[in-house]
Amino acid sequence: MAQLFLPLLAALVLAQAPAALADVLEGDSSGIYRCEVQHGIDDSSDAVEVKVKGVVFLYREGSARYAFSFSGAQEACARIGAHIATPEQLYAAYLGGYEQCDAGWLSDQTVRYPIQTPREACYGDMDGFPGVRNYGVVDPDDLYDVYCYAEDLNGELFLGDPPEKLTLEEARAYCQERGAEIATTGQLYAAWDGGLDHCSPGWLADGSVRYPIVTPSQRCGGGLPGVKTLF
């Protein structure tokens, strides 16, 4: 009977400790973990498969830096098929190596940004040490960027191959003619997080042009992986 319920107990332990897990499970931490459950003098263990998914990213519309109020930030993430990120999600992304020297809204109405390598204009409130900078709870009418979180792709994302370059409206029509719809920025980030790598820019639903790079090269946006933005 204990053997039968061990996976459930392990799942319960995982579900009840999200804050502790955020300290150890990063974006590349998927795998098989051994969970030990102790009750009185009895203890048992079993292996549990943990899949870590989801991606945090900074979002702004076009080139307009620091243009969102708190409510506008929430709406912006929803428009692109994502959610405004929580402080825990941003911190987990930071532990996984994420860095962004731009202040952005989070779901608790705080404004923060993650820094791996402190430098001029990116010191924040931590006296030159790496970490997640925190402005605290901010007036909801103040303007910043926003950190969004995307997890589920809900379908397959693919790059179309039209015979010639398209305008945004032509790109929408191209997708509709093939029984699809133009992808959102959130969907592209989720696909990139799932391994999509394509060195060809394409239109997205918000009018931006981006492309996902998993294996970086100088001809494809430089030496770092990520979703590259043209405009």
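Which side chain makes a polar contact with the side chain of Ser 69? Point 2 takes this up, after a note on the model.

1. **Basis.** This is a predicted model, in which local features need pLDDT of at least 70, side-chain atom pairs count only at pLDDT 80 or more, and totals for chains, interfaces and linings use all residues. Residues are numbered from 1 along each chain as its sequence is written, and side-chain values use heavy atoms, leaving out hydrogens and water.

2. **Ser 69.** The partner is Ser 71: the two side chains make a polar contact at 3.4 Å. A polar contact is a pair of N or O atoms within 3.5 Å; within protein, one must be able to donate a hydrogen and the other to accept it, and residues adjacent in sequence count only if both atoms are side-chain atoms. The Ser 69 side chain also reaches the backbone nitrogen of Gly 72, at 3.2 Å.

3. **Where Ser 69 sits.** Ser 69 is in the loop between β3 and α3. Helices (H or I, at least four residues) and strands (E, at least two) are DSSP runs, numbered from the N terminus. Ser 69 counts as buried because its relative accessibility is 18%; buried means under 20% relative accessible area, with a 1.4 Å probe and protein chains only. Leaving aside residues up to four places away in sequence, Ser 69 touches Trp 105, Pro 140, Asp 141, Asp 142 and Leu 143. Contact means heavy atoms within 4.5 Å.

4. **The core.** The largest nonpolar core has 41 residues; among the members that touch the most others are Val 56, Trp 105 and Tyr 147. Such a core is a set of buried Ala, Val, Leu, Ile, Met, Phe, Trp, Tyr and Cys residues joined through side-chain atoms within 4.5 Å. β3, α3, α4, β6, β8 and α6 each supply at least two residues. Domain 1 (55-150) and domain 2 (168-229) each give at least three; these bounds come from an automatic or database domain assignment.

5. **The three-stranded sheet.** An open sheet runs β9-β10-β11, with antiparallel pairing. β9 (202-203) and β11 (226-229) are the edge strands. β10 (residues 209-213) pairs with β11 over four bridges. Strands pair if DSSP finds at least two bridges between them. Ile 213 has Gly 226 as its bridge partner in β11.

6. **Helix α6.** The buried residues of α6 include Leu 188 and Tyr 189. Its buried residues pack against β3, β8, β10 and β11. Just after α6, Gly 195 takes a positive phi of about 115°.

Notes
Buried < 20%, exposed > 50% of the residue type's maximum accessible area, 1.4 Å probe, protein only.
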